[in-house]
Amino acid sequence: MKDGYGREINYIRISLTDRCNLRCAYCMPEGVELVPREEILREQEILLIARAAADLGICHVKITGGEPLVRRCCDSLVRGLKSIPGIRTVTLTTNGILLKEHLQELKDGGIDGINISLDTTDPERYRAITGGGDVARAVEAVHTCVEAGIRTKINAVAMREDNGDLLLFARDLPVDVRFIEIMPIGFGKQFRPVDNRRLLDAIRRDYPGIVRDNTKHGNGPAVYYRIPGFRGSVGFISALHGKFCSSCNRVRLTSMGYLKTCLCYEDGTDLRKIVRDPELSEPVKKEQLKRAIREAVLKKPEAHCFDAPGAITENHLMASIGG
Ligand code: SAM
Ligand code: SF4
């Protein structure tokens, strides 16, 4: 499915919940208000939207949140999504805290890859960033995931230029370590983003042999590098200093069923209104969903406006949008 600028839209990020078992400072620190449970899409509602999206050419799904593993239905949803004709990959983004208990189910359900968010391996810093999280569990999640033979990536929001500890994962394990520039969404506005170009310069000083890796690693905008002797790669997701809007391939479904076409703006369409309409049969709902998705995608904005923060119209938190 093409948008109004001719971009192929084939990827949806689905936020399962705005709830989380951590309280990351840039995402949902202590004290944020949560939406009432009945406002959050149920598993069958998500699957119906996914079936409509797949009919339109969406073939890659990322499950995110909030923390997706706090939703009981996460494992069965993976299985359900994988069985939809046209859906080729289903991957998950998690903080890893609950991953061990779910890994086998996710693997049996056909999960194609897991991203684990880990900003530092230092226990104190991790506790401070995540509002009390135990870094040992996130680190264990990375190892367990790799041992299970699942394609594993580490996502680190770049909070400073010294990230040597995270690079060691890519040295010793077949994982991609990706640095994400903090975006001015929700509490992210309160942080000054670390420029990924400076991060790369700092890494190059320690590893002068670092070279661009042009192989395809997934469906996202990360730019990858390889360091001689490393088993994994190092990636950079640079929404601010490496704007990638011209090749954007994605839409987002919030936990409340709103289809967002750009992280930066409120533009989109309410799909929950259709899936919860008691007057409509399931086939009619699906047709209406397809029409609504197609219309929203046609109006997808050309580019984000993070460089002009006054123009940002999105006021929700990253956790409810689905970062
Ligand atoms: N709880 C899961 C996790 O942490 O991976 C999934 C949801 S979380 C919102 C998804 C990703 O968004 C995480 O890697 C997180 O670090 C990132 N994130 C949250 N707020 C952000 C912000 N303001 N800018 C950039 N990335 C952000
Ligand atoms: Fe939770 Fe992920 Fe947000 Fe951290 S980044 S508070 S783990 S949703």
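## Basis of the model

Residues are numbered from 1 along each chain as its sequence is written, and chains are lettered from A and ligands numbered from 1 in the order in which they are written. In this predicted model, local features need pLDDT of at least 70, side-chain atom pairs count only at pLDDT 80 or more, and totals for chains, interfaces and linings use all residues, while side-chain values use heavy atoms, without hydrogens and water.

Helix 3 spans residues 99-109; helices (H or I, at least four residues) and strands (E, at least two) are DSSP runs, numbered from the N terminus. Its buried residues are Leu99, His102, Leu103, Leu106 and Gly109, where buried means under 20% relative accessible area, exposed over 50% and partly exposed in between (1.4 Å probe, protein chains only). These residues lie on the same side of helix 3 because they cover an arc of only 135° around the axis, taken from the directions from the helix axis to the C-beta atoms. An α-helix has 3.6 residues a turn, so residues three or four places apart point the same way.

The face turned away from the buried side carries the exposed residues Lys100, Glu101 and Gln104. Among the elements that cover the buried residues of helix 3 are helix 2 (74-82), strand 3 (89-94), strand 4 (113-117) and helix 5 (135-147), with contact meaning heavy atoms within 4.5 Å. Gly110, with a positive phi near 100°, follows helix 3.

## Cysteines without disulfides

The whole structure has zero disulfides, a disulfide being a pair of cysteine sulfur atoms within 2.5 Å. For Cys74, the closest cysteine sulfur, in Cys73, is 6.8 Å away, too far for a bond. Cys74 is buried, at 0% relative accessibility.

Cys262 is likewise in no disulfide, and the nearest cysteine sulfur, that of Cys264, is 5.2 Å away. Cys262 is buried, with a relative accessible area of 13%.
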